[in-house]
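Here are my notes for a colleague opening this one for the first time. Take them in order and keep the viewer at hand.

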Amino acid sequence: MSPPRRRNTTAVAVAATLIATVFALPARAHQPALWPWPQQIYISGNTVPVDAAKFEVECEIDNPCPTKFQNELQYYADLVRHSCSNSVYPKANNNDGDDEASSSSSSSSSWDQDGQKIDSCVVKLATSDDALAIDSNQTFRLTVSSDPYPNCLVEADNMYGAYYGLVTLSQLCDTSNTTAPSILEARIRDEPRFAFRGFLLDTARHFLPVSYIKRVLDVLALHRYNVLHWHVVDSESFPLQSQAFPDLAEKGAFSPDAVYKTEDLVDVVQYASRRGITVMPEFDVPGHGSWGKGYPSLMGCKDVLDPTNPEVYTFLLTFLKEMLEIFPSEYIFLGGDEVDTSCWLKNPEIAEWLQQHDMTDAELFDYFWQNVTSEVIPGLEGRKVGVWQSNKLDIKPTLLPEGSFGNVWQDPKMMGPVIDGGMPVVLSGTYYLDQDNSATAAGPCKAYAWQQTWKCMYQEEPFDQLTQEQWSSLIGLETTMWGEGVNRFDFEARVWAKAAAVAERMWSNQNVNDVAEAQVRLDRHICRLNLMGVHAGPIIPGFCSSDVDGEAW
Ligand SMILES: *[C@@H]1O[C@H](CO)[C@@H](O)[C@H](O)[C@H]1NC(C)=O
Ligand SMILES: *[C@@H]1O[C@H](CO)[C@@H](O)[C@H](O)[C@H]1NC(C)=O
Ligand SMILES: *[C@@H]1O[C@H](CO)[C@@H](O)[C@H](O)[C@H]1NC(C)=O
């Protein structure tokens, strides 16, 4: 039988403001495998019995809850139901953990006698605004308490913060006693360290079906990634339909079946938004392009546009205007990556134009960006721009409008010069998921074994490369899954655990950086992912119940 549900949440909220802040992990064998680790947490050591099969998530009765959030309540409840029914810890009758299991069940036995189990969590939102923004308020508070009777409350500014609170709740399940699952009594206050937590998905080197992208989004959201940097096209293929320029996909895709139709793009954007993820599309110009397969006159050489051709700018404006109808992201990523400007010199018409204009090929690159800024970006309804920056200032920050950001992909030491040049920065260079090592500022961090690589990434502290004045200009981090050697058959094993390691760097306090401690939690977190059917690779020898009875997804 359920206790009366307490909807007056004021007392809990007040109590939550009084809690002690602890950064240290509790001394408990079954410490919660929270991932990422919260900014503030208090754990009493008690557990509250849970009715996993009946668990529900509900909005507080007097508070506004947007329909978009209500539509997800069952999804959130299922997360908790699943986590509270599947143990990431060895069973209590194993040698390991016997003591803790019995002590936690004894601490909660009075609730068992009363038949009082926690069977719901109430969500209280400060605003019913369901608009998604990268820097929206993602703060949440989570309270699980047995006093005066089992109750659970998630308080957040908006639905996206509440989602993170509910994922955290699911990670507090303790199923070490399989016959009597419980939730750890806890008070947590959490907020992200970085507003921009990106993941690059490359669908140009290998196509990924929409259903697979949705699966990727689900798992990213569990790790609080909030930007999908969709590297949708590149020199190899153009798998994206444009109504204005149909030949881009018709002539540029690997196969007619490997094309994201307009409705597919909208579908991905909407699905991502439900999970709190903004889809930032990338159309890399002037290089890394397969525009020429459909529209050869745009190209100056093999995969580089012709900056001397005025049509290039009208084309880009029309194309990008179509795309911004589909992608509401505040940023459009325009690349600027790895342009071999000398290739322009091999085109006799461009070479002659350069001579007439007394310009070098390097100056033509700047000319391209000047014209993009004057001719194209003003037509993009205030969207901001992202570009790559390598180990030099490829694109002079003064050539782009204010608010543009640089993604530093090669040498983390370049963050400082890019920031000093006037551009906020996202760092991806040390977090390349397709590599078995990490190019850190201190030099390459190379692990002998593939499963150790996460440690290189976990330990790479971005602030170490910056002066304190520059810190606030580092808006986020990004892991990149370049797709040359990855399709949907090996994707998850490549991505997880490494992208999880970086997710903690993106979200948690800077001082959460103890690799030995993290390894214990990450190992159990990987088990949790495996129990959900995610093909994440283990990081150390050990056992997960998915090894014997896990369901394949
Ligand atoms: C598990 O919980 C049940 C019900 O509270 C209890 O009877 C049993 O002793 C517990 N098992 C262990 C191993 O603690
Ligand atoms: C975020 O939202 C919480 C809850 O509504 C509020 O207390 C806090 O002040 C907000 N933070 C910012 C930076 O607006
Ligand atoms: C590019 O910029 C130059 C210099 O600002 C200008 O003269 C030229 O008309 C622009 N070209 C196009 C196609 O916009």
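1. You are looking at a predicted model, where local features need pLDDT of at least 70, side-chain atom pairs count only at pLDDT 80 or more, and totals for chains, interfaces and linings use all residues. Residues are numbered from 1 along each chain as its sequence is written, chains are lettered from A and ligands numbered from 1 in the order in which they are written, and side-chain values use heavy atoms, with hydrogens and water left out.

2. Let's start with ligand 3. Helix H11 (310–326) and helix H14 (361–376) each supply at least two residues of its shell, and H14 gives the most, with three residues. The residues around ligand 3 are Pro310, Tyr313, Tyr367, Asn371 and Glu375; to be listed, a residue needs a heavy atom within 4 Å of the ligand. The protein covers 50% of the 360 Å² of accessible area that ligand 3 has on its own. Such areas come from the Shrake-Rupley method with a 1.4 Å probe, and for residues only the protein chains shown count as cover.

3. What classes of residue make up the shell around ligand 3? There are three nonpolar, one polar and one charged. For this count, Ala, Val, Leu, Ile, Met, Phe, Trp, Tyr, Cys and Pro are nonpolar, Asp, Glu, Lys and Arg are charged, and the others, Gly among them, are polar.

4. Now the whole chain. The protein chain has 20 helices and 19 strands. Of its 553 residues, 59% count as buried, where buried means under 20% relative accessible area, exposed over 50%, and partly exposed in between (1.4 Å probe, protein chains only). The protein chain exposes about 21,500 Å², with carbon and sulfur atoms supplying 49% of it. Contact means heavy atoms within 4.5 Å; among contacts in the protein chain with a separation of 6 or more, 74% join residues 24 or more positions apart.

5. On to the inside. A nonpolar core is a set of buried Ala, Val, Leu, Ile, Met, Phe, Trp, Tyr and Cys residues joined through side-chain atoms within 4.5 Å. The largest one has 151 residues, and those with the most contacts inside it are Phe69, Phe199, Trp230, Trp291, Phe319, Trp369 and Trp496. This core draws at least three residues from each of domain 1 (40–190) and domain 2 (203–507); the domain bounds come from an automatic or database domain assignment. Apart from it lies another core, of 13 residues, among them Phe196, Phe333, Trp388 and Val426.

6. Leu208 lies in the loop between strand E8 (196–202) and H7, and at 2% relative accessibility Leu208 counts as buried. The C-alpha atoms of Leu208 and Val259, 51 residues apart along the chain, are separated by 9.6 Å.

7. Helix H18 (residues 498–507) is worth a look too. Is H18 mostly covered or mostly exposed? It is mostly covered, with 10 of its 10 residues buried. Charged residues are on the buried list, including Lys498, Glu504 and Arg505.

8. Please check the backbone at a few spots. Most residues other than glycine have a negative phi, and most peptide bonds are trans. The peptide bond from Trp35 to Pro36 is cis, with omega near 0°, and Pro36 is found in the loop between helix H1 (10–18) and strand E1 (40–49). A cis peptide bond also joins Val285 and Pro286, where omega is about -5°. Arg224 has a positive phi, near 65°; it sits in the loop between helix H7 (210–222) and strand E9 (227–231) and is buried, because its relative accessibility is 2%. Glu338 has a positive phi of about 45° and lies in the loop between strand E13 (331–335) and helix H12 (342–345).

9. Last, a pair of loop residues. Ser390, between strand E14 (384–389) and strand E15 (405–408), counts as buried because its relative accessibility is 5%. Thr139, between strand E3 (120–125) and strand E4 (140–145), is partly exposed because its relative accessible area is 24%.

How values were computed. Helix = DSSP H or I, 4+ residues; strand = E, 2+ residues; numbered from the N terminus.
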